[in-house]
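Dear colleague,

I am passing on to you the structure that follows.

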Amino acid sequence: MYKNLSRRKFLGATGIGVAGSAVLAKASQQIVFPVGENLRENAVTTESFAREVARVLPADKPFGYQQRIRESAMHQLMKDPAAKPLDTEFALNRDVKLCYVEDNSELIKDAVKDFQDYLKTAMEVGSRIDLRKSWKGIKSGDNVVLIGTRHQLPEYGKELKGTKSYALVKTPRGLVVCGYDDQGVLHGLYNLQARMSLREGPFLPKNLKITRQSLYQRRMALSGMGWMEWPDQILSAMAHNGFDGIFASVYANPNGDRTTAENSTDFYARLLHKVRKQDPAKIHDLIGRAGKFGIQVYAPIIYQYTGTPESEAGLRKLVRDIIQEFPLIKGYVLLTEGFWYQKWGGLHGADEAHVQDWARNWSKAIAMVTEECHRVNPETEILAWEYNIDFRPQNTKLKKYFIQQLPADAIPMLTWENGKGFELDGMQGYLRDYSLSQVGPAEVTQAQIGEANGRSMKVYSKVDTFASWQFGTIPYLPFPGQWRKRYDALQAYGVSGTLESWSSGYTPNFIAELRYWTCWDNSMSFEELLGAMASRLFGAAQQEKVLQAWQHFDNAIRLVPDTGPNMGTNNAIGNPLFFQVPPVRTATFHNSWTDHEGWMGYLGGELNPYWPFTVSRMVFYPDFTNKTNRAEQYARGATGIVAGKEVALLPVFLKHLKMAAAEMEEGLKLYRAAAMESPDWKRKRAVSEVVVAEHLHRMMESNCAVLEFEELRFNRAHEKDSAKAAEMLKKMEKILMAEIARTKLSLIAVTHDSRLGFQFEQDYVYTPYSLKEKLLLLEDTLNKQLPLAAG
């Protein structure tokens with residue numbers, strides 16, 4: 001899908017310049033490959049690249065990435081030392097004067113200071129702030145930047161239509177940044193930074209004249225650092241990537257109220273009882289710090305509404321208490337996981353009349369919250385999110401019913417892709433959870449959007465745009481073409497606001513940067529963006545390799561049949577191949593009066609005593625009674641395909657997963673070569689990009705290995721032909737040997753990149769320590785267990 005740019009067109013589009021290109025090419029010729037490696041293009045092996053990872057990336061430790069974020073400066077050096085302005089460009093390269101008038105808000109003043117810091121740190125350009133009473137007396141010049149709202153610069157703001165919109169104009173007087181409002185000024189300055197960062201120099205077009213309207217009323221995300229981990233560096237990075245909202249205090253009332261968690265006997269309330277207690281002071285602090293970056297805070301309201309007068313009074317009092325304490329919270333997300341009617345459970349399998357009754361009463365509670373909030377501030381947004389209600393394609397009628405019951409001044413928050421139907425070798429499946437293999441929207445979501453449009457209601461959506469539960473232990477997913485299709489679909493369906501992450505949260509990454517550009521109109525083409533990004537990450541000489549690699553990656557994700565928060569896409573590289581019952585690693589209660597399963601809390605996703613390094617739902621563990629083929633069971637659950645027992649789904653699942661892995665490997669041949677040939681000063685970043693893609697690939701292959709090994713183990717237990725059983729053992733030995741090699745490579749990756757394996761619902765799903773434990777078990781299985789079984 002990527003447009004092939006000619007060399008000259010690419011240089012002009014990205015601003016690398018002929019001189020800069022020559023320097024980059026010269027640098028790439030100086031790369032020293034490991035001794036004995038084949039130097040042909042695309043011949044970089046995984047082993048040689050692993051040595052480069054160990055050479056280039058320093059040793060890391062769990063939570064090291066989070067620590068570096070907290071200790072880092074807001075901006076980093078982005079300038080290509082060899083870049084020169086083209087004839088069509090001008091440079092902000094000396095004594096830049098940042099001019100604005102005195103009556104501006106603190107937000108604009110902070111944004112100007114941020115731009116000054118960016119020029120100094122990222123572009124090595126000095127500047128000074130010229131705070132003025134009027135525009136009179138300013139000397140014209142390329143290094144003059146005039147900054148203001150449409151009221152202060154009316155001749156440049158005539159076409160601006162709403163909040164966050166801005167105009168960038170190069171005039172004889174200087175460069176003008178005119179915003180519709182304070183937010184428009186902020187994002188106009190951020191866009192100048194984004195343009196110079198892509199260009200890798202303080203250069204802008206001489207004919208720059210563009211007006212950009214925001215396509216979204218609000219863009220929110222969670223922090224990728226942890227539950228209430230919101231350092232200023234993350235807030236700044238989010239704002240620069242176009243986010244103007246955050247969702248904080250997930251699963252906890254912002255004022256610390258725990259009435260429902262501590263008094264209800266409902267199953268879900270028992271789970272909420274284990275959620276951390278909120279400190280209201282942290283919310284107050286977060287509201288103040290986020291506001292300095294133009295970011296509004298959204299929070300949940302946690303309550304079980306039972307339909308009684310006493311329950312209604314309790315809900316209204318809770319809402320009044322919260323809005324009185326936090327008048328600056330912009331909106332409330334009323335998610336069924338925490339805000340529900342009577343008994344929680346998703347209503348799967350319930351009859352239609354029961355679900356409709358639940359919908360009416362849940363919506364009645366939504367109306368109470370809306371009424372109380374709007375009595376104080378009509379601008380407060382109430383986002384009704386009925387996530388847990390059955391989202392399979394056949395449930396369209398009931399999902400529309402929820403929209404019909406909502407109060408008109410609430411905003412439906414629709415889950416974008418969950419439940420989206422797809423076909424796998426002629427069989428119908430559906431996405432089990434957040435996934436990128438399908439673009440979306442789901443059939444039920446599409447119907448709900450239509451229903452909301454019919455009621456003239458705005459629509460917000462929980463929609464992943466850079467990371468997903470599908471491969472949720474990887475910080476972002478490098479599938480730009482597939483993401484672009486989703487961005488286009490969001491625009492086509494008229495979604496007004498977004499919550500763009502859940503458990504993965506936001507940490508800086510290049511996919512989020514690409515997404516940023518698509519959130520205003522009048523963007524440069526996506527193909528130009530990709531070309532510029534490929535050059536920035538790997539060097540101009542590697543642009544074509546990187547674009548081709550991304551094409552392969554896009555093809556791969558579309559083939560992945562494992563959808564949602566499963567072992568296969570989140571913990572496969574950390575999951576052992578269990579041949580026999582392993583030694584327990586925690587206390588057990590199999591022969592005690594204590595109920596073992598109740599103590600370990602399997603229903604709550606707690607620990608498997610045989611592999612307690614992550615929550616039990618992330619561990620693929622065999623049925624050693626050999627009554628159930630867990631591999632076949634896994635394939636059915638992960639794809640959402642409903643088929644008779646006579647249909648073997650595992651072979652179909654493995655076929656598509658192997659096709660996806662093969663596409664990833666084709667892309668990785670190019671990706672590794674591009675990194676190895678990248679300029680020295682880009683090498684660390686380029687190598688880290690490949691590490692992420694390699695980890696995705698290994699997750700796919702390990703997913704296959706875990707399931708194939710279990711299929712063989714299960715079948716061997718039922719095989720009466722000794723010769724066939726022996727042949728199965730040989731196949732298992734080969735799978736083990738390959739998995740040992742793959743795990744060693746994964747260990748190198750996670751030892752040098754602490755982003756991998758982290759998923760803040762449970763901190764790390766796998767760590768260097770757990771991978772070492774896996775290797776010990778694999779080697780024991782290979783060297784002792786299998787030989788003993790062979791006799």
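The lining of the second largest pocket draws at least two residues from each of these helices: H4 (64-71), H5 (106-123), H6 (182-199), H7 (232-240), H16 (510-517), H17 (526-538) and H23 (683-718). Please note that the model is a predicted one. The pocket holds about 1,700 Å³ of space. Its lining comprises 45 residues, and those nearest the centre are Gln76, Met78, Pro508, Arg536 and Arg685. By class, the lining has 21 nonpolar, twelve polar and twelve charged residues.

Helix H23, which contributes to that lining, also packs with helix H22 (residues 650-676): their axes come within 9 Å and cross at roughly 160°. Because angles over 145 degrees count as roughly antiparallel, H22 is roughly antiparallel to H23. The crossing of H22 past H23 is left-handed. In the contact of H22 with H23 there are 19 nonpolar, two polar and nine charged residues.

The model also contains a closed barrel of eight strands, in the order E9-E10-E11-E13-E15-E16-E19-E20, and the pairing is parallel. From one strand to the next, the twist averages 25°. Strand E9 (residues 218-221) and strand E20 (residues 497-499) run parallel and are joined by three bridges. Opposite Thr498 in E20 stands Arg219.

With kind regards

Methods. Residues numbered from 1 in each chain as written. Predicted model: local features only at pLDDT ≥ 70, side-chain atom pairs only at ≥ 80, totals over all residues. Heavy atoms only, no water. 1 Å grid on protein atoms, 1.4 Å probe; cavity = no way out; pocket = protein on both sides within 12 Å on 5 of 7 lines; lining within 4 Å. Points joined across faces, edges and corners; volume = space filled by probe spheres on them. Helix = DSSP H or I, 4+ residues; strand = E, 2+ residues; numbered from the N terminus. Nonpolar A, V, L, I, M, F, W, Y, C, P; charged D, E, K, R; others polar. Axes fitted to C-alpha atoms, helices over the stretch in contact; angles between N-to-C directions. Parallel < 35°, antiparallel > 145°, perpendicular 65-115°, else oblique. Left-handed = near helix turned anticlockwise from the far one by under 90°. Pairing = 2+ DSSP bridges.
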